[in-house]
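Q: I've got a model open on my screen and I'd like to learn how to read it. Can you walk me through it, one kind of feature at a time?

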Amino acid sequence: MLKSMGKNGLILALFALGCTALVVLTHELTKEKVAQQQQREKLQTLSALLPEGSYDNDLVASCKLVTSRKYLGSDQPQALYTATKGGVATGYALETIAPDGYSGAIRLIVGIDAKGTISAVRVLEHKETPGLGDKIELKKSGWINSFAGKFLSADNEASWAVTKDGGEFDAFTGATITPRAVVKAVKNLLTLQQKHPEWLSNAPACPAAQ
């Protein structure tokens, strides 16, 4: 009986080893394709954030990391992509966090030109309530497009709030917390660009871009 148990144990061990080897082999064979797909998806997102023809550099390769809990909502570094044309910066795409969403943190990426005017905002990740807070997604509603063309100045600072708080951004029926969090996060990011442009120009490169 002990012999039989030992034999069965050996078979199971070999089977587990074989499965592990297969997983490792599959990973090695597909990791390049996965990386290429991720690169394409990232480039597609960035291209939607910055006007066509406004840059001639490789946006993905321009990746840097900016860290600021105050302005970007997290202690974790956020990715910054700099658009340049003829070697001159024409715009940025910067990731940020709205930490105070209704159901948790909301990850955003904001496209802005060198003067601070928003070209587009997109939601990368969220856990907001379906049918209410998820209207921040472009596929659910056009609300997120209301940021396009907006900028922050001393004259319009009060308008950077939802209508319920005296601002110009519509809230969702039954879901004010979510749009309020997004508006605040985008406003903070614009404040960072205005007050600390050196944080963007002097940010360290992303590991993959080094």
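A: Helices here are DSSP runs of H or I with at least four residues, and strands are runs of E with at least two, numbered from the N terminus. Keep in mind that this is a predicted model. By that rule the protein chain has four helices and five strands.

Q: In what order do the elements run from the N terminus on?

A: The order in the protein chain is α-β-α-β-β-β-β-α-α.

Q: What share of the residues in the protein chain is buried?

A: A residue counts as buried under 20% relative accessible area, as exposed over 50%, and as partly exposed in between. Of the 210 residues in the protein chain, 36% are buried. The accessible surface of the chain comes to about 12200 Å², and carbon and sulfur atoms account for 58% of that.

Q: And the contacts: what percentage join residues at least 24 apart?

A: Start from contacts in the protein chain between residues at least 6 apart in sequence; 49% of these join residues at least 24 apart.

Q: Let's get to bonds. How many disulfides does the structure hold?

A: A disulfide is a covalent bond between the sulfur atoms of two cysteines. This structure holds one. The partners are Cys63 and Cys206, with their sulfur atoms 1.9 Å apart. The angle about the S-S bond is -50°, and the link is left-handed. Cys63 sits in the loop between helix 1 (2-49) and strand 1 (64-68), while Cys206 sits in the segment after helix 4, so the bond ties together parts that are 143 residues apart in sequence.

Q: Are those two cysteines buried or exposed?

A: Cys63 has a relative accessible area of 7%, so it is buried. Cys206 is at 8%, so that residue is buried as well.

Q: Now aromatics. How many aromatic pairs are there?

A: A pair of aromatic rings is described by the distance of the centres and the angle of the planes. The count here is six aromatic pairs. Take Tyr71 and Trp199: their ring centres are 6.0 Å apart and their planes are at 65°, so this pair is edge-to-face. It links distant parts of the chain, with Tyr71 in helix 2 (residues 69-72) and Trp199 in helix 4 (residues 197-201), 128 residues apart. Tyr71 is buried at 7% relative accessible area, whereas Trp199, at 32%, counts as partly exposed.

Q: Which residues do ring pairs link into a cluster?

A: Trp143, Phe147, Trp160, Phe169 and Phe172 are joined that way.

Q: Salt bridges next. How many does a search of the whole structure find?

A: The pattern to look for is a side-chain nitrogen of Lys or Arg within 4 Å of a carboxyl oxygen of Asp or Glu. The search finds nine. One of them joins Glu125 and Arg107, whose closest N and O atoms are 3.5 Å apart. Glu125 is in strand 5 and Arg107 in strand 4 (residues 104-113), so this bridge ties together parts that are 18 residues apart in sequence. Both ends are partly exposed: Glu125 at 41% and Arg107 at 28%.

Q: Last one: which residue does the annotation "modified residue: FMN phosphoryl threonine" cover?

A: According to the unreviewed UniProt entry, it covers Thr176. Thr176 lies in the loop between strand 5 (118-125) and helix 3 (177-195). With a relative accessible area of 16%, Thr176 is buried. Leaving out residues up to four places away in sequence, Thr176 touches Val162, Lys164 and Ala171.

Definitions and conventions
Residues numbered from 1 in each chain as written. Predicted model: local features only at pLDDT ≥ 70, side-chain atom pairs only at ≥ 80, totals over all residues. Heavy atoms only, no water. UniProt positions renumbered as here; feature names shortened; annotations may be inferred. Buried < 20%, exposed > 50% of the residue type's maximum accessible area, 1.4 Å probe, protein only. Contact = heavy atoms within 4.5 Å. Phe/Tyr/Trp six-rings, centres within 6.5 Å; stacked < 30°, edge-to-face > 60°. Disulfide = S-S within 2.5 Å. Areas by Shrake-Rupley, 256 points an atom, 1.4 Å probe, with all protein chains shown as cover.
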